[in-house]
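Let's take a friendly walk through a protein model, looking at a few backbone details, some helix packing and some aromatic rings. Keep the 3D view open as you read.

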Amino acid sequence: MSATILVVDDEESIRTSLAGILEDEGYKTAFAVDGVEALTVVQQEMPSLVLLDIWMPRMDGMQTLQKLKDLYPNLTVVMMSGHGTIETAVRSTKMGAYDFVEKPLSLEKVLVCVNNAISMSRLKEENTSLRSIVLKDHEMIGNSAPMKQLREHIRLAAPTNASVLITGENGTGKELVARSIHYGSQRGDKPFIEINCAAIPEELIESELFGHEKGAFTGAIAQKKGKFDLADGGTIFLDEIGDMSLKTQAKVLRILQERKFERVGGTKVVEVDVRIIAATNKVLEEEIRSGNFREDLFYRLNVVPFHVPPLRERQDDIPLLVEHFLDNFCRREGRDRKTVVPEAVELMKRYEWPGNVRELKNIIERLVIMTPGRTISAAQVPSYIGAQEGPRDGAKQGSALELSSLREAREEFEKEFIIQKLEENDWNISKTAEAIELERSNLHRKIKSYGIDMKK
């Protein structure tokens with residue numbers, strides 16, 4: 001579809017010559033003789049670009065530009081003038097004009113300017129479209145009381161610059177909360193930079209966060225900007241901050257206090273304007289008592305605390321999540337829209353979901369791919385989900401009910417879940433870690449802490 005260009009000029013000869021060259025290039029054209037008429041034509045045609053003369057009767061170009069930008073902030077406008085001055089050009093660009101061309105017009109220069117402006121306009125449209133897709137993909141689903149409360153807290157905290165600490169189990173959606181806070185803030189159009197503190201080796205974490213200077217260490221052949229550099233003006237999301245070393249914690253604390261840091265191997269102080277959102281599945285108060293986390297950093301981060309509830313505490317949201325994931329995966333895989341029978345949804349509502357929303361998402365993706373028909377029955381739901389309805393192992397269930405605390409019961413369930421997944425993956429730790437979306441080192445620790453006997 002050809003772009004429409006509106007030419008606004010009181011000289012007929014200018015309108016005619018521009019129409020000829022623009023239409024030869026495949027553009028559609030519309031015309032107005034002054035600013036008043038231009039406002040009407042823009043409303044009717046919604047052009048991709050406006051070529052706007054400055055000196056016109058009734059309403060001059062600068063007044064028209066101001067009104068156009070007030071009504072249509074994303075509209076691309078190029079100013080034209082036979083009495084151009086640097087001051088006028090600077091003023092118009094400050095008001096939002098894309099460019100300024102002088103009369104008498106060089107048609108070649110006009111074409112270059114128009115093509116560049118149209119390309120930029122299309123990029124902006126694509127960016128807006130992609131942004132809406134990203135926001136939809138990271139939409140928080142659920143109408144349960146915990147989710148309503150969480151959304152309300154996000155609404156209140158997002159517009160501020162306060163540091164945020166998000167807690168919750170693996171797979172609950174802590175990153176979604178972080179993105180919702182970012183996009184709901186005044187920094188929403190600036191970078192959102194994420195880093196998983198648990199996934200980067202200790203010897204590389206400082207370089208990743210703060211960057212390094214050339215020659216700082218073997219292999220540092222050039223200066224590299226870190227995540228804090230890249231997030232300048234926006235938000236940095238420090239996921240799994242409970243796994244960050246005390247040394248790195250001290251540097252993050254300095255950024256929170258002074259808004260400055262030094263790259264690895266450098267002495268130059270770099271100033272940044274970033275909002276820090278941190279997340280962890282650990283209880284940081286316990287980490288502080290164990291000497292693994294700085295108390296002063298905790299209080300700096302915990303200005304606005306958020307807790308993301310596990311899926312078992314908002315099971316009424318499961319039908320909505322099922323439908324949401326079905327839509328996403330059927331569309332992505334190019335499949336006909338499938339439905340899940342109510343009996344299957346009921347099985348899912350009674351399951352504990354130790355992997356939380358992430359586990360449910362993976363199950364729905366598997367069902368979309370592996371179910372040949374358009375209906376997903378209860379029989380097609382993985383057996384271990386339905387098995388939770390009744391005693392899979394009477395002795396084990398009885399012992400779980402005899403446990404004195406909810407935490408002990410959860411640990412017992414997690415142990416049994418890990419054993420079952422290990423069995424399904426032939427006791428291969430790497431495959432099991434991938435299947436349950438857990439870091440291999442974390443799975444090793446859990447196997448050791450639960451005293452699971454690894455079968456060869």
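W427 is found in the loop between helix 18 (406-424) and helix 19 (429-435). In this predicted model, its phi is near 60 degrees, a positive value in a residue other than glycine. Is W427 buried or exposed? With a relative accessibility of 16%, W427 counts as buried, because the cut-off for that word is under 20%.

R259 sits in the loop that runs between helix 10 and strand 11 (260-262). Its relative accessible area is 29%, so R259 is partly exposed.

The peptide bond joining K103 and P104 is cis, with omega at about -5 degrees. P104 belongs to the loop between strand 5 (99-102) and helix 5 (107-137).

Now for the helices. Two packed helices are described by the angle between their axes and the distance between the axes. Helix 8 and helix 10 (residues 246-258) pack with their axes 10 Å apart, at an angle of about 15 degrees. That angle makes helix 8 roughly parallel to helix 10, and their crossing is left-handed. Which residues make this contact? Helix 8 brings E202, I205, E206, L209 and F210, while helix 10 brings K247, T248, K251, V252 and I255. Sorted by class, the contact of helix 8 with helix 10 has 5 nonpolar, 1 polar and 4 charged residues.

Helix 13 (residues 318-333) and helix 14 (residues 342-350) give another crossing: their axes come within 10 Å and cross at roughly 120 degrees. Helix 13 and helix 14 are therefore oblique to each other, and the crossing is right-handed. I318, P319 and V322 of helix 13 meet V345, M348 and K349 of helix 14. The residues of this contact of helix 13 with helix 14 divide into 5 nonpolar, no polar and 1 charged.

Next, look for aromatic rings. A pair of them is described by the distance of the centres and the angle of the planes. The count comes to 8 aromatic pairs, including these two:

| Pair | Centres apart | Angle of planes | Arrangement |
|---|---|---|---|
| F210 and F228 | 5.6 Å | 10 degrees | stacked |
| F325 and F329 | 6.4 Å | 35 degrees | tilted |

F325 and F329, by contrast, are 4 residues apart in helix 13, so about one helical turn separates them. F325 is buried, with a relative accessible area of 7%, and F329 counts as buried at 5%.

Finally, turn to helix 7 (residues 174-183). Which of its residues are buried? They are K174, V177, A178, R179, I181 and H182. Among the elements covering the buried residues of helix 7 are helix 6 (145-157), strand 6 (164-167), strand 7 (192-196) and strand 10 (235-239). Strand 13 (275-280) and strand 14 (304-307) are also included in that cover.

Conventions
Residues numbered from 1 in each chain as written. Predicted model: local features only at pLDDT ≥ 70, side-chain atom pairs only at ≥ 80, totals over all residues. Heavy atoms only, no water. Axes fitted to C-alpha atoms, helices over the stretch in contact; angles between N-to-C directions. Helix = DSSP H or I, 4+ residues; strand = E, 2+ residues; numbered from the N terminus. Parallel < 35°, antiparallel > 145°, perpendicular 65-115°, else oblique. Left-handed = near helix turned anticlockwise from the far one by under 90°. Contact = heavy atoms within 4.5 Å. Nonpolar A, V, L, I, M, F, W, Y, C, P; charged D, E, K, R; others polar. Phe/Tyr/Trp six-rings, centres within 6.5 Å; stacked < 30°, edge-to-face > 60°. Buried < 20%, exposed > 50% of the residue type's maximum accessible area, 1.4 Å probe, protein only.
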